[in-house]
Amino acid sequence: MTMLPVGVGKTENGRRQHTIPELTVEDPSKVTVFYDDRVLNHCPDVNAAFLPGRLDKRVRSILSGLNVQWKYPEHPGRIQAILDLLHREPIEGVAFAGGQVATREQLGRVHTTSYLDDVFSLRNKHAWLDVDTTAVSPGSVEAAEVAAGTAIAAVEAVVSGRTRSAFALVRPPGHHAEPVRARGFCLFNNVAVAAAHAHAELGCERILILDWDAHHGNGTQDIFWADPDVMFFDIHRAAPFYPGSGGLHEVGAGLGEGTTVNVPMPGGAGDVAYLKALNEILVPAAEYFKPDLILVSAGFDAHWYDLALNVSYEGFAAMTGIVQSLADRLCDGRLVFVLEGGYNTESLSYGVRSVLDVLAGGAVPQPRVCGMEEVDQAAAFHLSAFAEEPPED
């Protein structure tokens with residue numbers, strides 16, 4: 001099956017708009033990308049007139065102290081870069097489907113009523129929500145509702161068998177959002193909303209969430225901290241790297257003790273360490289837990305272009321192969337990826353593509369140490385010049 005084309009047009013305001021063909025039950029795919037243009041309407045502007053108050057003054061004080069002009073890193077161009085690459089370099093076996101808006105009931109399974117009231121009161125407004133850079137623009141609340149709802153749509157399609165696996169291409173990201181607080185560019189916890197929906201409505205009794213974003217998924221951990229039916233496995237750069245949580249001994253509490261698994265990594269960690277962690281910790285944990293569904297909080301800021309860790313495109317693909325194998329063995333292949341971070345648009349787009357290629361049936365690469373192949377090529381080119389000439393007969 002060929003990838004359904006992504007049509008690219010422009011809206012009245014000049015923004016690129018991508019036309020998404022719909023997935024049909026009669027034509028299931030190996031992997032489906034779920035996407036909705038409304039996620040592009042989240043556009044915080046640090047120069048806009050935000051709501052008055054001490055928080056606004058505090059944020060502006062921080063920004064004024066920077067030596068360069070600060071721009072909001074989580075911007076619509078992240079998604080546009082991914083879609084543009086998939087349009088230029090389509091993948092056989094990938095289909096597209098549209099998203100949907102999450103209901104208040106669905107969001108309320110992981111967020112408090114008072115928090116939802118606060119966020120919904122900011123619809124059509126500019127505002128800072130938190131001093132750690134979380135902000136909204138007039139279209140942000142709807143974008144966040146669509147991001148969570150599109151993650152739900154991806155899970156529903158996988159559980160119903162309409163697609164083998166799925167990738168929810170959404171923003172704003174979600175894994176830092178706590179039950180009562182927006183943090184780290186996140187408003188609603190998309191992967192948590194999707195997991196709670198799968199448990200409450202789709203018959204999934206046990207759910208495994210793997211978070212490989214460079215930043216610890218503090219919100220997801222908080223939501224499922226005492227839940228024995230959700231295993232949360234997070235590999236991330238260790239504190240004091242943002243958000244500073246995710247220590248080795250943070251393992252959950254109560255009935256959920258042991259279902260939170262954190263693997264903090266040093267800043268130089270790359271493919272070899274990540275694959276060792278997944279093979280030697282995630283695999284036995286998942287086999288013990290026996291999930292009915294696997295979700296991946298897929299951030300791509302672990303790539304070296306984002307200056308946090310040293311995972312390569314081949315590393316992301318190899319991790320996908322491990323998770324796909326687990327899903328095939330443990331839960332009939334039910335596997336859903338939900339986009340989180342990744343702020344260099346080149347590494348983000350190629351990272352997503354490397355994951356989709358494996359999900360669509362492509363070969364799982366064997367990551368190599370960066371530069372070794374080039375050194376071998378250089379040695380073959382140069383070293384003959386330094387070899388002694390063989391003696392003449």
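Where in the chain is the place of Gly 108? In this predicted model, Gly 108 sits in the loop between helix 3 (104-107) and helix 4 (113-120).

Gly 108 counts as partly exposed, because its relative accessibility is 39%. Between Gly 108 and Val 369 there are 45 Å in space, taken from C-alpha to C-alpha, and the two residues are 261 residues apart in sequence.

Asn 124 belongs to the loop between helix 4 and strand 5 (127-128), and its phi is positive, near 70°, in a residue other than glycine. At 57% relative accessibility Asn 124 counts as exposed, since exposed means over 50%.

## Helix 5 and the glycine that follows

Most of helix 5 is covered, with 17 of its 21 residues buried. Gly 161 follows helix 5 and has a positive phi, near 85°.

## Backbone features in the loops

Most residues other than glycine have a negative phi, and most peptide bonds are trans. Against that background, the peptide bond that joins Arg 171 and Pro 172 is cis, with omega at about 0°, and Pro 172 is placed in the loop between strand 7 (163-168) and helix 6 (190-201). Phe 185 also has its place in the loop between strand 7 and helix 6, and although Phe 185 is not a glycine, its phi is positive, at about 75°. Phe 185 counts as buried because its relative accessibility is 12%, where buried means under 20%.

A cis peptide bond likewise joins Tyr 242 and Pro 243, again with omega at about 0°. Pro 243 is found in the loop between strand 9 (230-237) and strand 10 (260-265).

A disulfide is a covalent bond between the sulfur atoms of two cysteines. With a cut-off of 2.5 Å between cysteine sulfur atoms, the count for this model comes to zero disulfides. The sulfur of Cys 204 has its closest cysteine sulfur in Cys 331, at 8.6 Å, and this is too far for a bond because the two sulfurs would have to lie within 2.5 Å.

Cys 204 is buried, with a relative accessible area of 3%, and Cys 331 counts as buried at 2% relative accessibility.

## Helix 9 against helix 10

Two packed helices are described by the angle between their axes and the distance between the axes. For helix 9 (residues 313-330) and helix 10 (residues 345-359) the angle is about 35° and the axes are 8 Å apart, and the crossing is right-handed. Helix 9 contributes Tyr 313, Phe 316, Ala 317, Thr 320, Gly 321 and Gln 324 to the contact, and these meet Glu 346, Ser 347, Tyr 350, Gly 351, Ser 354, Val 355, Val 358 and Leu 359 of helix 10. By class, the residues of this contact divide into seven nonpolar, six polar and one charged.

The 15 residues of helix 10 should span 21 Å at 1.5 Å a residue, and the end C-alpha atoms are 21 Å apart, which agrees. Helix 10 is mostly covered, with eleven of its 15 residues buried, and among the buried residues are Leu 348, Val 352, Arg 353 and Leu 356, as well as Ser 347, Gly 351 and Val 355.

Conventions. Residues numbered from 1 in each chain as written. Predicted model: local features only at pLDDT ≥ 70, side-chain atom pairs only at ≥ 80, totals over all residues. Heavy atoms only, no water. Axes fitted to C-alpha atoms, helices over the stretch in contact; angles between N-to-C directions. Helix = DSSP H or I, 4+ residues; strand = E, 2+ residues; numbered from the N terminus. Left-handed = near helix turned anticlockwise from the far one by under 90°. Contact = heavy atoms within 4.5 Å. Nonpolar A, V, L, I, M, F, W, Y, C, P; charged D, E, K, R; others polar. Buried < 20%, exposed > 50% of the residue type's maximum accessible area, 1.4 Å probe, protein only. Expected span 1.5 Å × (residues − 1).
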